[in-house]
Amino acid sequence: MGYRFTDLTTACQKDWRAYIEHDFVRQLGTATLPGASFRHYLKQDYLFLIHFARAYALAAYKSPTLADLRQAHEGLKAIVDVELGLHVGFCQEWGISEQELEELPEARATLAYTRYVLDTGNRGDLLDLHVALAPCLVGYGEIANWLNAQPSTLRGAQNPYDAWIAMYEGEEFQAAMQAELEWLNIRLADITPARFAELSKIFRDATRLEIDFWQMGLELIDQDLTH
């Protein structure tokens, strides 16, 4: 039997759980996260989405098959034509203007994570890039499901972050997560132990950078950056 995505999470279980169950996530669920922390995260996540779109453009270039090329194209279109607009609208609900987003400097955690993903994709192949993106593509869906399994999670009007949880527990995102898992599992099934070790390192590094992204929001790291 070959490898599967769950083997990647098992290989860095401590980091993966620290990411999925981070204090930022826990406080989102219990509605105790300070609003300033969430706003800081939202702003930087807008910049992350832009680089995420660039990663899909890189995935198109790296695609060895027409099916992979179509997948990358659809991902790029979804971010540029839909998700960025939705994110801007979500930010406006939190008092963040589109002009503020356009003038926003990148926090160090944003720089580190996005450039790591793009560098990994540039140096490696399409599978390397997908594995670097997996903590985000798969992780956010897992986080929403984990939050819903916690008795302490508040839902509805009593939680100002309910819309965020609803976005990632929603049918559309969960379907995208499952499609990504299927894509990864097919390709991981045929790799060697040496190749798995390489991919495990990429996955671990990307997961640790996701932890740093949560911590950035929680501690308001680089909130006062100016041009």
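Both Tyr-19 and Trp-214 are buried, where buried denotes under 20% relative accessible area, exposed over 50% and partly exposed in between, with a 1.4 Å probe and protein chains only. The model is predicted, so local features need pLDDT of at least 70 and side-chain atom pairs count only at pLDDT 80 or more, while totals for chains, interfaces and linings use all residues. Residues are numbered from 1 along each chain as its sequence is written, and side-chain values use heavy atoms, with hydrogens and water left out.

A search of the whole structure returns 26 aromatic pairs (rings of Phe, Tyr and Trp, the last by its six-membered ring, with centres within 6.5 Å; planes under 30 degrees apart are stacked, over 60 edge-to-face and the rest tilted). Tyr-19 and Trp-214 form a stacked pair, because their ring centres lie 6.2 Å apart and their planes meet at 25°. This pair links distant parts of the chain, with Tyr-19 in helix H2 (residues 13–20) and Trp-214 in helix H12 (residues 193–219), 195 residues apart.

Turning to the overall fold, the protein chain holds 12 helices and zero strands (DSSP runs numbered from the N terminus: H or I of at least four residues for helices, E of at least two for strands). The radius of gyration is 17 Å, close to the 17 Å that the globule rule gives for 227 residues, so the chain is as compact as a globular protein of that length; the radius is taken over C-alpha atoms, and the rule is 2.2 Å times the number of residues to the power 0.38. Of the 227 residues, 49% are buried.
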